[in-house]
Amino acid sequence: MTEGGGSMLGAAPLDGVRVLEVGTVIMAPYAGKVLKDLGAEVIKAEPPGGDIGRRIGLLGPNGTSVLAMNLNAGKRSIVVDARTGTGRRVMDGLIAWADIVLTNTLPARREEFGLSWDHVRAVNPRAILVTGQGFASDSARRDSPAYDDIVQAASGVADTYRLRDGEPRYSPYVVADKVCGMTMAQSALAALHRRSVDGEGCWVDVPMVDTMAAFTLVEHMGGATFSPARGDVGWSRVLAPQHRPHPALDGWVCVMPYTDANWHSFCTLIERPDYLTHPQVATNRDRSADPTLYEQILADYASQRTCAQIEEECAAAGIPVSRVARVDDLPDDPYLAARPVLSRTAHAREGDYVHVSGPAVFHGHERPLPEDSAVLDGDREAVLSLIGVDAEEPAP
């Protein structure tokens, strides 16, 4: 493959990095997907019966879940019952092979499966163990089960909806699992860099509640940042009930004259110079402190125009703008259709589908192509050969 000027493309960024994923549902599998999309080799070790993520949600015509089609793409699968002597032999072989070990099993189960840090380090001193679960591994709640909804409740994510709408709600997507999965991946890469310096493996713990509390409080700590407090928690600009897309004549749109320069352009566009000195909207600080009038002005503007007219006018004035894209329209969105994040391809078992790839583009480097999702235990012989373990050999 070549790129402008005929220069050869370099290998994918994580080419040669070996990842063992012992995870279920979304968090650790998502971390594994992030690393796989960057070029790492990922082996997915699954319990007997397989990761339950294979059976959750919509299934393809031949029984592969949508989650598995995207999260397990390009990984290799082997079933390992690490509670048996033979299974432990295989798990230890996988740990010895891996640069990075990802798992979202609870601490007590990690001990049972041979995934404690003491055991991993004894098997492979250069291994990087990245653990993720609801609560910190060194806390009293270490073994409390916590799925995405529990984490949203415990970390303040659900309460941000109360601050805006009057009652807590869950986000309409698995925000905690995916944010924490990305945090696991970035932590693994940081540890990989540190190992290149000192030659030592390490253990990184990514508690979900801690991660999502930090994620939420960056902007929503508000007045509680100070001691004594200087106001309420929450960022008023995003918590105003009026802060949402506005209806146009033929759809919904987001218009965002955010900076004072944008606001000047917008006021010129709507021929309201008086808003430039109005105490509620004159400056960005005014508009953020109480967005009520600001959002009403935007709503009135949008209600009299089509989405195309709004986009044309605002783009000409340098004002950030976008119509609201429907989720079901995204595979055919003109911008995304030209990007590599969504690929129309064929799955060996489920037929034609849209594959979701990682968004990062490393210019001058190969980008891993979409691959079929791993069949449960479909790579047993190849994986055992790779790690040099004879699973038929009796356990010691």
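Helices are runs assigned by DSSP as H or I that span at least four residues, and they are numbered from the N terminus. Ser236 lies in one of them, helix H10, which covers residues 236–239. The model described here is a predicted one.

**Ser236 and its surroundings**

With a relative accessibility of 31%, Ser236 counts as partly exposed, because that class covers values between the 20% limit for buried and the 50% limit for exposed. When its neighbours within four places in sequence are left aside, Ser236 is in contact with Ser288, Ala289 and Pro291. Computed along the chain in residues, Ser236 and Pro61 are 175 apart, and their C-alpha atoms are separated by 47 Å in space.

**The six-stranded parallel sheet**

Six strands form an open sheet with parallel pairing, in the order E5-E4-E3-E6-E7-E8. Strand E5 (76–79) and strand E8 (202–207) stand at its edges; each has a single partner strand, so one side of each is left without a neighbour in the sheet. From one strand to the next, the twist averages 20 degrees.

Within this sheet, strand E3 (residues 18–22) is mostly covered, with four of its five residues buried. E3 runs parallel to strand E4 (residues 41–46), to which four bridges join it, and Leu20 stands opposite Ile43 in E4. Strand E6 (residues 100–103) likewise pairs in the parallel sense with strand E7 (residues 128–133), over four bridges, and here Val101 stands opposite Leu129 in E7. Helix H9 (residues 208–220) lies across E7 and E8, and its direction makes an angle of about 65 degrees with E8.

**The three-stranded antiparallel sheet**

A further open sheet has three strands in the order E9-E10-E11, and its pairing is antiparallel. Its edges are formed by strand E9 (246–247) and strand E11 (321–323), each of which has a single partner strand, so one side of each is left without a neighbour in the sheet. Strand E10 (residues 252–255) pairs with E11 in the antiparallel sense over three bridges, and the bridge partner of Val253 in E11 is Arg323. Helix H14 (residues 307–316) packs on this sheet and touches E10 and E11, its direction making about 165 degrees with that of E11.

The pairings for which bridges are described are set out below.

| Strand pair | Sense | Bridges |
|---|---|---|
| E3 and E4 | parallel | four |
| E6 and E7 | parallel | four |
| E10 and E11 | antiparallel | three |

**Helices H6 and H8**

The axes of helix H6 (residues 148–155) and helix H8 (residues 175–198) come within 7 Å and cross at roughly 85 degrees, which makes H6 roughly perpendicular to H8. In this contact, Asp148, Val151 and Gln152 of H6 meet Val175, Ala176 and Asp177 of H8. Sorted by class, the residues of the contact are three nonpolar, one polar and two charged.

Lys36 has its place in helix H1 (residues 27–37). Its relative accessible area is 10%, and Lys36 is therefore buried, the limit for that class being 20%. Apart from neighbours within four places in sequence, Lys36 is in contact with Val42, Ala73, Gly74, Lys75, Pro368 and Glu371.

The structure holds four aromatic pairs. In one of them, the rings of Trp263 and Tyr275 have their centres 6.4 Å apart and their planes at 40 degrees, so the pair is tilted. Since Trp263 lies in helix H11 (residues 260–269) and Tyr275 in the loop between H11 and helix H12 (284–289), the pair ties together parts that are 12 residues apart in sequence. Trp263 and Tyr275 are both buried.

Trp263 also forms a tilted aromatic pair with Tyr294, at 5.6 Å centre to centre and with 55 degrees between the planes. Tyr294 lies in helix H13 (residues 292–303) and Trp263 in helix H11, so this pair ties together parts that are 31 residues apart in sequence. Trp263 is buried with a relative accessible area of 1%, and Tyr294, at 7% relative accessibility, counts as buried as well. Ring pairs link Trp263, Phe266, Tyr275, Tyr294 and Tyr301 into a cluster.

Methods
Residues numbered from 1 in each chain as written. Predicted model: local features only at pLDDT ≥ 70, side-chain atom pairs only at ≥ 80, totals over all residues. Heavy atoms only, no water. Pairing = 2+ DSSP bridges. Helix = DSSP H or I, 4+ residues; strand = E, 2+ residues; numbered from the N terminus. Axes fitted to C-alpha atoms, helices over the stretch in contact; angles between N-to-C directions. Contact = heavy atoms within 4.5 Å. Parallel < 35°, antiparallel > 145°, perpendicular 65-115°, else oblique. Nonpolar A, V, L, I, M, F, W, Y, C, P; charged D, E, K, R; others polar. Buried < 20%, exposed > 50% of the residue type's maximum accessible area, 1.4 Å probe, protein only. Phe/Tyr/Trp six-rings, centres within 6.5 Å; stacked < 30°, edge-to-face > 60°.
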